[in-house]
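Here is a friendly walk through a model, written for someone who likes to know the cut-offs behind each term. Have the sequence and the coordinates at hand as you read.

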Amino acid sequence: MAEPAPILSLQDVTKRYGAIQAVDGVSLDLADRSFVALVGASGSGKSTLLKTINRLVEPDKGAILLEGEDIRRLEPHALRRRMGYVFQGIGLFPHMTVTENIAIGPRIAGATIDAARVGALLQLVELDGSYSARLPHELSGGQRQRIGVARALACNPQVLLMDEPFGALDPVTRNALGRKVRDLHIRLGLTTLMVTHDMAEALLLADRVLVMEQGRIVADCTPHELLAGDGGSTAQALVAVPREQARALAELAG
Amino acid sequence: MSEIAEILSGLGGKLAAHVLLAAAAIALGITVALPLAVWASRNRAVRRITLGFASLVQTMPALALLALFFPILLSLRAIFGEGLPTLGFLPALLALALYALLPILRNAVTAREHMAGEVLEAADGVGMTAWQKLRLVEAPLAAPYVMAGIRTAAVWTIGAATLSTTIGQPSLGDPIFAGLQTQNWALVLAGCIAAAALALLTDALLGTVERGLAQRKRALVWGGLGVALLGVLLSGWTLRPQERAGGETIVIGAKSFSEQYILARLIGARLEKAGFTVKYRDGLGSAVVHEALTTGAIDISIDYTGTLWTNQLKREDNPGREAIYRTLVEWERETTGTRVLGRLGFENAYALAMRQDRADALGIRTMEDLARASPRLTIGGDVEFFRRPEWVAVRDAYGLDFGRERNFTTTFMYDALTGGEADVISAYTSDGRIAADRLLVLEDTKQAFPSYDALMLVAPGHASNQRLIAALEPLVGAIDVEAMREANFAVDRQGNKQSPEQAAAQLARRAGL
């Protein structure tokens, strides 16, 4: 069976900050429509690696190809308009309404976006039209991150990059929004790369889990393989945490 | 109070000039500060240099900053040609705009520094270009803070603009400086009230704009800006060039003391009768006047032989009154092309003066007596006196060594003497207050002070303007020191004051002109 051409291909990507080797020669292919989670401890380089893909970070060495094209040949803003970007800080523009925030991508690209499309995007993240005229400070944290996701999807991106997207949310909201994103990923045919430090989240949402340590990818498995004990000691140490928690909870329940 | 109200109602032209100057300076300040702020917020070195420079400017007294632009513009004539104005609107505009930089720049840079990192990351993340990020995110988020800086700048500028009088730019400082010179407190108060009211009104309007920006209410923003703009336009309309009855325009310069104001009016009235259009540049700094004349910024000035002898020719010797005069006439013709039309007929020399009772109590009759007593005494001088070579010459000739030196404006110097703040002052021999206060003038037996014959000077450009010369020539030798003292005193005295115009008219009658 011939492998389909990867939508994203990282080749020997390296980034150093002074004495710290943040990303150390990572090579990686991402298949179209895959949901990949990038897991690791703080400082393992996962956020830096993600940001090299939309050029928020420029690697010192190596190349990244989007559909076979070197991204360095694209203007950074043009590249970013083809990718949705959701991050923990959310970064809604505080002086713009919900509608204006969602519409910003098409607007800066010179396209128009009508109210129906904004309504549809709000619906995708399960918010009704009554939110459209509100300002970000009038929303809860979960609502804000939903708007953040809607904003990232407004440009019909091929790739969705998420950097700890649910890190600041309460567990209930976090769980619900995670499922929602997984649904959208399938419905919209996205290729999603999500950085998280939470192995349980990665196992539940992704179909491929990468584990990073000191700038290198030390495990590349399916959730099933990880749960079966593959991926090496670092990966298994991360898997052990939710497993232990689940066991403890089961014992409590008696 | 009614006097102040009357003066205020006559300040329309000065107010309009003040508004235009301040508005232009703030506009220029904004135009320079905003791009600089954008650059500074992206480059640490630029930020350090621009903020450092703006802070340095701020530490300079506004008066000095204004005066400094005179030599700067003078040297820039080498590049921009002789047409570059060195006095009046241009230097005032540049100095005030520089002064307005700091609050705008600092607020804009600070606003950018404190902008939330995730918002800026999102701007990049959604694919904004640098220009889109500036226009859609950074500018609107910084706007209320920038506006607060503009408000501060506006209030400073309106206040400092009163000082532009000293470099020949009409403003609300005109009544303040004229009033300070002639002890006409109603004039001073009127000028201050008008300037303060303008500052408060501007602050309120810009405050409305700031609130509109912070609360995202466009009506407030455009309303505030609209009213402010209307005021500026109205000022421009008030000062629109009027159809004049023809006639060449002659600019008469005056230093900042009563005698100069009076003589300027005396000359002006004659020239108007002869069909010239006359403008006055009052309150010029003494150091600026000669340069202003030789560069054509003013056309006529009254100066004094001793002043030119020491300050322009840099001479310290004293070859005698006639020799000094002849040398000066020659020097001006040869080096600057300025025409010395002649001596007016009186001398306004420096002389050391004391209260009669104080001199009696100390047993002082001569300069030698004064020298002996000087370590226990305080001497008061006008603001430039102790820097002048004449003072050094006199001090060294008699061995004066005063316990304390104090500076006063000329107006307050006499009050300082009367009130005992100073024991001796550097009086002027043509000053009416010497007789009025019955002061003892100590005779300069060693002739350490040079002579100070009042001279009428005509700028190089008018040196052979026969019609002008003909109108001025009758003034040569026409004013004796008694007449000048009387005119000076009429303006300086506390009660029953005359305006410089009235005193000039009376002086003309007395001199038979």
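## A loop residue in chain A

A:Glu67 counts as partly exposed because it has 13 C-beta neighbours inside 10 Å. On this scale a residue is buried if 20 or more other C-beta atoms lie within 10 Å of its own, exposed if 12 or fewer, and partly exposed in between, with C-beta atoms placed from the backbone. A:Glu67 sits in the loop between strand E4 (61-66) and strand E5 (69-70) of chain A. Its phi is near 50 degrees, a positive value in a residue other than glycine. Helices (H or I, at least four residues) and strands (E, at least two) are DSSP runs, numbered from the N terminus.

A word on conventions: this is a predicted model, where local features need pLDDT of at least 70, side-chain atom pairs count only at pLDDT 80 or more, and totals for chains, interfaces and linings use all residues. Residues are numbered from 1 along each chain as its sequence is written, while chains are lettered from A and ligands numbered from 1 in the order in which they are written.

## Exposed residues in chain B

B:Lys314 also has a positive phi, of about 55 degrees, although it is not a glycine. This lysine is found in the loop between helix H13 (305-311) and helix H14 (321-336) of chain B, and it counts as exposed, with 8 C-beta neighbours inside 10 Å.

B:Leu230, in helix H10 (residues 218-238) of chain B, counts as exposed with 10 such neighbours inside 10 Å. From C-alpha to C-alpha, B:Leu230 and B:Gly149 are 22 Å apart in space and 81 residues apart in sequence.

## Strands of chain B

Which order do the strands of the open five-stranded sheet in chain B follow? The order is E7-E6-E8-E5-E9, with mixed pairing; two strands pair if DSSP finds at least two bridges between them. Strands E7 (404-407) and E9 (439-441) of chain B stand at the edges with a single partner strand each, so one side of each is left without a neighbour in the sheet. The twist averages 35 degrees from one strand to the next, taking axes as lines fitted to C-alpha atoms (for helices over the stretch in contact) and angles from 0 to 180 degrees between N-to-C directions. Within this sheet, E5 (residues 350-355) and E8 (residues 424-428) of chain B run antiparallel and are joined by five bridges; B:Ala353 has B:Ile425 in E8(B) as its bridge partner.

Strand E3 (residues 300-304) of chain B is largely enclosed by the rest of the structure, because five of its five residues are buried. On one side are B:Ile300, B:Ile302 and B:Tyr304, and on the other B:Ser301 and B:Asp303. E3(B) pairs with strand E10 (residues 453-458) of chain B in the antiparallel sense over five bridges, with B:Ile302 opposite B:Met456.

## Where the chains meet

In the interface, 15 residues of chain B are in contact with 17 residues of chain A; contact requires C-beta atoms, placed from the backbone, within 7 Å. On the chain B side, helix H6 (117-125) and helix H7 (130-160) are the elements that give two or more residues. The largest share, six residues, comes from H6(B).

Definitions and conventions
Contact = placed C-beta atoms within 7 Å.
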